[in-house]
Amino acid sequence: MSTIDEFRKEVRAWLEANCPPAMRTPTPEGALIFGGRKLSFQSDDQRLWFERMRDKGWFAPDWPAEYGGGGLSAEQTAVLEAEMRRLHCRPAQINLGIWMLGPVILEFGTEEQKQALLRPMTRGGIRWCQGFSEPNAGSDLASLKTSAVDQGDHFLVNGTKIWTSYGDKSDWMYALVRTDPAAPKHQGISLIVLDMQSPGITVTPIDLISGKSSFCQVFFDNVKVPKSQLIGPLHGGWTLAKALLQHERRAMSKFGEFSLPTHFDLMSLAERYLPPAGTAAPVDMALRARAVAMSMEEHSYTLTVQRMGEEMRARHNVSGLMSIMKLVHSEQEKDKFEILLDLMGHRALGWEGDEFTDQELALTKAWLGSFAQTIAGGSSEVQLNVIAKRVLELPEGKQSK
Ligand SMILES: Cc1cc2nc3c(=O)[nH]c(=O)nc-3n(C[C@H](O)[C@H](O)[C@H](O)COP(=O)(O)OP(=O)(O)OC[C@H]3O[C@@H](n4cnc5c(N)ncnc54)[C@H](O)[C@@H]3O)c2cc1C
């Protein structure tokens, strides 16, 4: 037996023994664990699963063990992910720090920053939010205006960030700030990290169409940020931002597939809501055919993610690939929800009340949320621009996120 086959056997046995059966079901609405100072659990099984994965170092399986990671190779990490998928294990923790900031710190941070910031992520101790977008800097992110003025041992930060997911629930933020207003816009930006408890920070939630607000606007009024919290070179933050966005798109391209097990299995919902095949009218047969075609596309996508995961490990510049995956997945999810709406009719449009099942009520919100995923992390149009530039190598137009 090859070493990797042995490893697979070990991982399988460990997961079987340590992932409680209740944690091998789709994650219900509101039951995701984000870690952080306000961490709380809804059940003992959830706590057990969190603690066991944490102690194994598998919140960040491919990070070095010295920073609290699992020390696995890329190949071993792929095996772990595949085995977790096979067993339908829930994600034990969702952490923007691990998905997005951590890999950037590993590449660009100082040794002190690695020691101070990575280990709390791998312990699930700090919840992170992303302070990139501003009221006039979304797709054109480099137009951001939030300023960080050098005051000797610290920066003084002023300005505002918008669409900050879970800004009100997070402990720390990683933010892009303008440190040199006189330089060309891509060259005057720096990446800093800051404690959301710092004096001068105000967080205001923004209401969403789905009825729940994960969005916030964050205001900075003379917020002091120690210079030691600058990540990478001063004014050199744009390179780090691009790297971080690649990690964001990679994480988003896995939503529903591994990171967030999907709640809405097309074929089982088709069975439940459509008349049986023998008695179905042509219109129902046509719908069933659309559901089958979409299920096949979903399956192809899952296989493609696995294949591209392997290919990405061998490449240095993967931003084009990440954009393709993010674009395809978020648009595919949107199409899937349209089919579910057609399948379930008015039952997919419930908002509240006893006449709808919990799953039906959750579907309405997930359908609305599917539009948001085509905007978060850079809109579909912006992904198409990146693909045109970095994959197809078409002549460059206007610079965008
Ligand atoms: C669910 C969700 C979560 C988010 N979480 C965060 C977060 O935690 N932190 C954070 O910083 N931001 C977050 N965002 C913000 C997100 O990054 C921005 O919404 C996104 O980058 C688009 O920016 P914008 O909203 O300003 O739209 P705009 O940039 O104003 O775009 C408006 C429209 O114009 C199109 N457009 C713009 N430029 C071009 C172009 N060059 N070519 C073609 N079309 C173009 C866009 O595709 C879009 O349709 C989140 C957004 C969503 C939806």
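Mentor: One term before we start: a patch is made of residues with over 30% relative accessible area and no salt bridge, and nonpolar side chains are joined within 5 Å. Also keep in mind that this is a predicted model.

Trainee: OK. Which residues form a nonpolar patch on the surface?
Mentor: Val391, Leu392 and Leu394 do. Together they have about 270 Å² of accessible area.

Trainee: Where does Val391 lie?
Mentor: In helix α11, which covers residues 380–391.

Trainee: Switching to the ligand. Which residues come nearest?
Mentor: There are 17 residues around the ligand. Ser133, Ser139, Trp163, Ser379 and Glu381 come nearest.

Trainee: How does that shell divide into nonpolar, polar and charged?
Mentor: Six residues are nonpolar, nine are polar and two are charged.

Trainee: What about polar atoms? Start with Ser379.
Mentor: An N or O atom in the side chain of Ser379 sits 2.5 Å from an oxygen atom of the ligand.

Trainee: Which side chains have a polar atom by a ligand nitrogen?
Mentor: Ser165 is one of them, with a polar side-chain atom 2.8 Å from a nitrogen atom of the ligand. Asn385 is another: an N or O atom of its side chain is 3.1 Å from a nitrogen atom of the ligand.

Trainee: How much of the ligand does the protein bury?
Mentor: 68% of the 970 Å² that the ligand exposes when taken alone.

Trainee: Next topic, charges. How many salt bridges does the count come to?
Mentor: The count comes to 17. The background is simple: side chains of opposite charge can pair when their charged atoms come close.

Trainee: Give me one. What does Glu83 pair with?
Mentor: Glu83 forms a salt bridge with Arg12. Their closest N and O atoms are 2.8 Å apart.

Trainee: Which parts does that pair tie together?
Mentor: Glu83 lies in helix α3 (residues 74–86) and Arg12 in helix α1 (residues 3–18), so the bridge ties together parts that are 71 residues apart in sequence.

Trainee: Is Glu83 buried or exposed? And Arg12?
Mentor: Glu83 counts as buried, at 2% relative accessibility. Arg12 counts as partly exposed, at 33%.

Trainee: Which residues are in a network with them?
Mentor: Arg8, Arg12, Glu83 and Arg86 are linked in a network of salt bridges.

Trainee: Now the strands. Where is Gln130, and what does its side chain contact?
Mentor: Gln130 sits in strand β1, residues 128–131. Its side chain makes a polar contact of 2.9 Å with the side chain of Tyr174. Another polar contact, of 3.4 Å, joins Gln130 to the side chain of Glu248. Gln130 is buried, with a relative accessible area of 15%.

Trainee: And Thr179, where is that found?
Mentor: In the loop between β4 (172–178) and β5 (189–195). Thr179 counts as buried at 13% relative accessibility. Its side chain has a polar contact of 2.9 Å with the side chain of His235.

Trainee: Last one. What about Gln217?
Mentor: Gln217 is in strand β7, residues 216–226. It is buried, with a relative accessible area of 17%. The C-alpha atoms of Gln217 and Ile206 are separated by 7.0 Å, and the two residues are eleven apart along the chain.

Notes. Residues numbered from 1 in each chain as written. Predicted model: local features only at pLDDT ≥ 70, side-chain atom pairs only at ≥ 80, totals over all residues. Heavy atoms only, no water. Patch = residues over 30% accessible without salt bridge, like charges linked within 9 Å, V, L, I, M, F, W, Y side chains within 5 Å. Areas by Shrake-Rupley, 256 points an atom, 1.4 Å probe, with all protein chains shown as cover. Salt bridge = Lys/Arg side-chain N within 4 Å of Asp/Glu carboxyl O. Helix = DSSP H or I, 4+ residues; strand = E, 2+ residues; numbered from the N terminus. Near = heavy atom within 4 Å. Polar contact = N/O pair within 3.5 Å; in protein donor to acceptor, adjacent residues only side chain to side chain. Nonpolar A, V, L, I, M, F, W, Y, C, P; charged D, E, K, R; others polar. Buried < 20%, exposed > 50% of the residue type's maximum accessible area, 1.4 Å probe, protein only.
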